[in-house]
Amino acid sequence: MVNSIPRASNKDENGVSSWEKTVVDVNDVDEKFANARDMGYTRLNYARVTAVGKLAKYDAVDYYKIQVQSNGKLSISFRGTQDDDEKVLDLSKYDEYLDKLKQQTDPEGWKKEQEAKKAEEANAKLLDLTAKGFQLQVYTIQNGREVLVGDSNADKDSKTYNAMSKMLSGDYRAQRGTYYIKVSRDEGVSSKEEMPYALQIMQGDKYKHDYVMTEKISEDTKNKKNSKVPTASTDGTLSGANAMMIQAAKYQSTAQMLQIGYLGLADIYNRNASTTIGGLTVSKLS
């Protein structure tokens with residue numbers, strides 16, 4: 001997180017304080033747990049925290065970090081832009097009336113429709129209704145490393161799928177600690193498609209403080225090109241593999257510098273230390 005600009009507004013009629021800040025997205029090749037955008041913290045019936053962001057053309061993934069300070073129910077809401085958002089009229093009452101009418105006039109046809117709906121729901125992904133095209137993953141820290149605990153795209157009989165389902169329904173029993181949220185595109189979704197989203201986290205059923213964090217685009221997205229480094233590649237594009245190689249090269253250079261330093265110290269020691277020959281102590285001079 002960089003360039004955060006916090007601002008507090010007045011309390012509303014319900015006594016809820018609102019807070020806002022803006023954070024600048026890091027370049028795509030730099031995205032990792034270590035520089036996840038800090039959402040602050042939440043605890044039971046205290047704070048609701050919202051992040052408003054976008055997966056832009058040069059932005060494959062967003063990482064967020066939040067401190068959960070209470071054991072107990074944790075709720076995660078995630079919403080993307082849906083085609084149905086453009087609809088103005090609420091036809092739910094009309095659809096409900098037609099459903100009842102169908103049930104009365106054509107019970108066999110209604111039953112087949114219900115079975116088809118259940119089959120469709122069984123094959124649907126967790127985010128199909130609220131954030132189609134996204135994948136949401138939640139990690140926590142165990143034994144000093146990030147461990148996946150919830151995944152919207154996991155197998156439906158897996159622990160991570162069940163945990164994510166409970167998070168989205170507000171029934172997940174969380175333990176105190178640091179949680180990371182990874183937002184990415186679903187498989188098959190074009191990396192060129194810009195995908196706005198809103199991520200919201202809270203514990204309990206009410207809150208006293210409302211925090212909203214808005215993401216500003218990275219330099220890559222602003223410049224409409226990937227990060228570039230002086231490499232031997234034809235276009236200079238820094239891929240994930242190149243980034244790892246560069247990081248490894250940095251480690252190797254550091255190791256070589258340390259090795260040279262140790263050799264230098266050993267040489268100084270050998271030239272100036274004393275040694276014993278035939279019971280006599282002789283000092284080595286340079």
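Author: Let's start with K73, which counts as partly exposed at 24% relative accessibility. This is a predicted model, where local features need pLDDT of at least 70 and side-chain atom pairs pLDDT 80 or more, while totals for chains, interfaces and linings use all residues. Residues are numbered from 1 along each chain as its sequence is written, and side-chain values use heavy atoms, with hydrogens and water left out.

Reader: Why is K73 called partly exposed?

Author: Buried means under 20% relative accessible area and exposed means over 50%, with partly exposed in between (1.4 Å probe, protein chains only). K73 has 24%, so partly exposed it is.

Reader: And what makes D205 count as exposed?

Author: Its 65% relative accessibility, so D205 gets the exposed label.

Reader: How do you know that D205 and K73 form a salt bridge?

Author: The rule asks for a side-chain nitrogen of Lys or Arg within 4 Å of a carboxyl oxygen of Asp or Glu. D205 and K73 meet at 2.8 Å, N to O, and that passes. D205 lies in the loop between strand 11 (195-203) and strand 12 (209-216), and K73 in strand 6 (residues 72-80), so the pair ties together parts 132 residues apart in sequence. Helices (H or I, at least four residues) and strands (E, at least two) are DSSP runs, numbered from the N terminus.

Reader: How many salt bridges does the structure hold?

Author: It holds 7. R37, D62 and E215 are linked in a network of them.

Reader: How do you know that strand 7 and strand 10 pair?

Author: Two strands pair if DSSP finds at least two bridges between them. Strand 7 (residues 134-142) and strand 10 (residues 177-185) have 7, in the antiparallel sense. Y139 stands opposite Y180 in strand 10.

Reader: Why do strand 3 and strand 8 count as edges?

Author: The open sheet has 5 strands in the order 3-5-10-7-8, with mixed pairing. Strand 3 (37-42) and strand 8 (145-151) each have a single partner strand, so one side of each is left without a neighbour in the sheet.
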